[in-house]
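Please look over the sequence and the model below before reading on.

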There are 2 protein chains.
Amino acid sequence: MHRLLILSRHADAYRGLIDAERLPDLEIVYSDHCDVVLGEPSLIAPAIGRLSSITWVQSTWAGVEPLLDPALRRDYVLTNARGVFGGLMSEYVFGYLLAHERMIFRKHAAQQEGRWDAAPPGTLKGKQIGLLGVGSIGAALARTAKHFGMRVKGYTRSSEGCADVDEYFHGAERIAFARDLDYLVCIVPNTSGTRRLVDAELLAALPPRAVFVNPGRGAAVDESALADALQSRRLACAVLDVFQHEPLPPDHVLWRTPNVLITSHTAALSAPEDIAPVFIDNYRRFAAGQPLWHRVDFEAGY
Amino acid sequence: MHRLLILSRHADAYRGLIDAERLPDLEIVYSDHCDVVLGEPSLIAPAIGRLSSITWVQSTWAGVEPLLDPALRRDYVLTNARGVFGGLMSEYVFGYLLAHERMIFRKHAAQQEGRWDAAPPGTLKGKQIGLLGVGSIGAALARTAKHFGMRVKGYTRSSEGCADVDEYFHGAERIAFARDLDYLVCIVPNTSGTRRLVDAELLAALPPRAVFVNPGRGAAVDESALADALQSRRLACAVLDVFQHEPLPPDHVLWRTPNVLITSHTAALSAPEDIAPVFIDNYRRFAAGQPLWHRVDFEAGY
């Protein structure tokens with residue numbers, strides 16, 4: 001019999017969804033004496049020292065940074081949530097892209113003044129979007145971009161697996177990738193190779209009409225270089241859901257930077273109805289002694 | 001030799017695009033002595049009385065109301081612009097749908113207060129959209145709705161031609177169509193059969209969470225019933241691009257109604273680069289004596 005501990009803000013919902021599945025040889029427990037853990041990395045990390053019999057941890061998040069602290073044990077298999085955030089990420093990114101083209105804030109301001117504003121909106125059709133990172137989320141964004149008639153550039157370490165990307169760039173081609181983009185979207189995982197990937201040099205390569213969107217990881221961006229680019233109008237706008245430090249500190253320059261839209265790490269929240277199937281699928285493999293999906297490499301960080 | 005008169009705010013752009021095509025037997029003229037007219041119905045209507053030799057008028061708009069005035073001549077073939085607005089309409093409608101789900105205005109207000117707002121946004125996935133009218137624009141909206149994982153209900157006179165519509169309703173089934181919708185989008189043409197199709201009864205059938213979007217024709221809506229429904233919160237929100245009278249008069253109740261977003265008939269502007277190919281294609285048929293595309297029935301009104 002396997003013993004599952006759930007450490008999640010949505011523990012009740014997960015318990016209901018998992019109970020309903022009647023998985024074989026599985027008991028949900030409320031004790032440190034467990035071999036399987038499902039939950040948020042931020043809740044698991046402080047407890048992991050005393051969970052001495054764990055063999056597998058399934059994260060409800062894509063990012064597992066709290067569990068990568070070198071001071072913490074690594075004698076278990078860690079899997080993350082993958083392949084479930086593409087739809088929500090697409091709604092977030094294209095919600096803000098369309099808000100920009102359709103001038104949704106400007107039109108609303110005109111309305112509040114009782115003004116019939118005839119300014120012609122723009123269109124996504126024919127515009128260029130650059131995806132920094134083309135994993136499952138990038139592939140979902142590329143698909144939506146093609147739906148709206150955009151041209152898609154992708155920047156990856158080496159992979160070229162997504163058919164909706166029109167042109168790939170790798171390694172040192174970062175500047176050629178950024179040149180002539182209308183939209184740059186950052187969806188790389190947080191690794192040593194992606195830290196401050198969006199720096200002053202990359203931002204300077206973007207045309208001044210470009211909009212930067214970051215629903216990925218705050219560590220991938222040099223925030224002061226970004227604030228500079230916006231302040232000096234070398235960049236039209238930034239839409240930011242993630243930051244180096246969250247919540248974004250009250251005195252942070254980005255609160256006072258013009259043409260920034262800030263959301264609070266809510267672009268793609270982990271919903272139990274999306275994540276429970278990932279755990280259930282993986283549990284069946286675990287019980288059958290098969291390799292698990294979405295295994296995290298502690299060194300690579302994803 | 002055919003003689004073409006262009007009556008458009010974008011006459012220069014149209015002339016350039018048509019000249020570049022080197023159409024056979026066609027001369028662009030600046031005289032009432034012409035047999036073909038291309039332009040905006042609002043500019044053609046006041047001139048049509050003296051254009052005594054016209055045989056064909058190509059409208060740059062989808063709507064041709066100014067030319068349907070029974071006092072005006074009808075001894076020519078009238079064709080409208082069709083099949084070119086689906087992409088722009090889709091960007092307009094889904095821009096506002098995503099703004100609603102992603103709480104774009106609420107998140108912006110939180111940001112302006114320096115507040116880290118953790119409220120979880122919604123998603124289009126699994127929501128129901130109802131399309132009042134399923135022509136080429138409705139088909140484009142249905143396709144985008146399916147892309148975002150929505151369920152699509154369609155209300156038409158009789159046609160059921162779009163595979164992206166999950167369920168069709170006709171005639172007296174208007175109330176069954178409206179019940180349980182998250183979004184109602186009105187894209188019917190302005191005809192005697194669609195006038196005030198969106199009335200108090202239809203609005204009362206919508207659930208209070210519903211959002212009404214009208215990028216179609218103002219005449220299709222009973223505006224005071226709509227204002228009532230919004231004022232009494234029997235409807236969550238309305239996004240309106242068209243009105244009974246445009247520009248919307250300064251004293252109109254909709255300027256002061258809560259939860260209305262007003263745009264100024266800019267959802268899908270006629271761009272010469274989109275419309276010129278419609279004219280060019282039709283001209284080749286005209287010159288060859290073939291029936292023209294998108295012929296308007298003066299009685300039906302579309």
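## Strands and pairing in chain A

Two strands are said to pair if DSSP finds at least two bridges between them. With that in mind, and remembering that this is a predicted model, one can begin with strand 9 (residues 183-186) of chain A, which runs parallel to strand 10 (residues 211-214) of chain A and is joined to it by 3 bridges. Within this pair, Val185(A) has Val213(A), in strand 10 of chain A, as its bridge partner.

Both strands belong to an open sheet of 7 strands in chain A, which has the order 8-7-6-9-10-11-12 and parallel pairing. Strand 8 (167-170) and strand 12 (260-262) of chain A stand at the edges, and each has a single partner strand, so one side of each is left without a neighbour in the sheet. On average, and with direction ignored, neighbouring strands of this sheet are turned by 15° against each other.

## A sheet in chain B and the helices across it

In chain B there is an open sheet of 5 strands, again described by its order, 2-1-3-4-5, and by parallel pairing. Its edges are formed by strand 2 (26-29) and strand 5 (77-79) of chain B, each of which has a single partner strand, so one side of each is left without a neighbour in the sheet. Strand 4 (residues 56-59) of chain B pairs with strand 5 of chain B in the parallel sense over 3 bridges, and the bridge partner of Gln58(B) in strand 5 of chain B is Thr79(B).

Which strands does helix 1 of chain B lie across? Helix 1 (residues 11-19) of chain B lies across strand 1 (2-7), strand 2 and strand 3 (36-39) of chain B, and runs at about 150° to strand 1 of chain B. Helix 9 (residues 272-287) of chain B lies across strand 1, strand 2, strand 3, strand 4 and strand 5 of chain B, running at about 165° to strand 4 of chain B.

Leu203(B) lies in helix 7 (residues 200-205) of chain B, and because its relative accessibility is 3%, Leu203(B) counts as buried. Leaving aside neighbours within four places in sequence, Leu203(B) is in contact with Val198(B), Ala225(B), Leu226(B), Ala229(B) and Leu235(B).

## How the two chains meet

A rotation of 180°, with 0.0 Å of shift along its axis, superposes chain A on chain B with an RMSD of 0.1 Å. The two copies are thus related as by a two-fold rotation axis. Of the residues of chain A, Gly95(A) comes closest to that axis, with its C-alpha at 2.9 Å. Since 100% of the interface residues of chain A are also interface residues in chain B, the copies meet through the same surface.

In this interface, 45 residues of chain A are in contact with 45 residues of chain B. The area buried between the chains is about 3800 Å², of which carbon and sulfur atoms give 64%. In chain A, Glu91(A), Arg102(A) and Trp116(A) lose the most area to chain B, together 22% of what that side buries.

At 8% relative accessibility Ser264(B) counts as buried, and its side chain reaches the backbone oxygen of Asp117(A) at 2.2 Å. Among the residues that Ser264(B) touches, not counting those up to four places away in sequence, are Lys107(A), Trp116(A) and Asp241(B).

Key. Residues numbered from 1 in each chain as written. Chains lettered and ligands numbered in written order. Predicted model: local features only at pLDDT ≥ 70, side-chain atom pairs only at ≥ 80, totals over all residues. Heavy atoms only, no water. Least-squares fit on C-alpha atoms with pLDDT ≥ 70 in both. Contact = heavy atoms within 4.5 Å. Helix = DSSP H or I, 4+ residues; strand = E, 2+ residues; numbered from the N terminus. Axes fitted to C-alpha atoms, helices over the stretch in contact; angles between N-to-C directions. Buried < 20%, exposed > 50% of the residue type's maximum accessible area, 1.4 Å probe, protein only. Polar contact = N/O pair within 3.5 Å; in protein donor to acceptor, adjacent residues only side chain to side chain. Buried area = accessible area lost by both parts, 1.4 Å probe.
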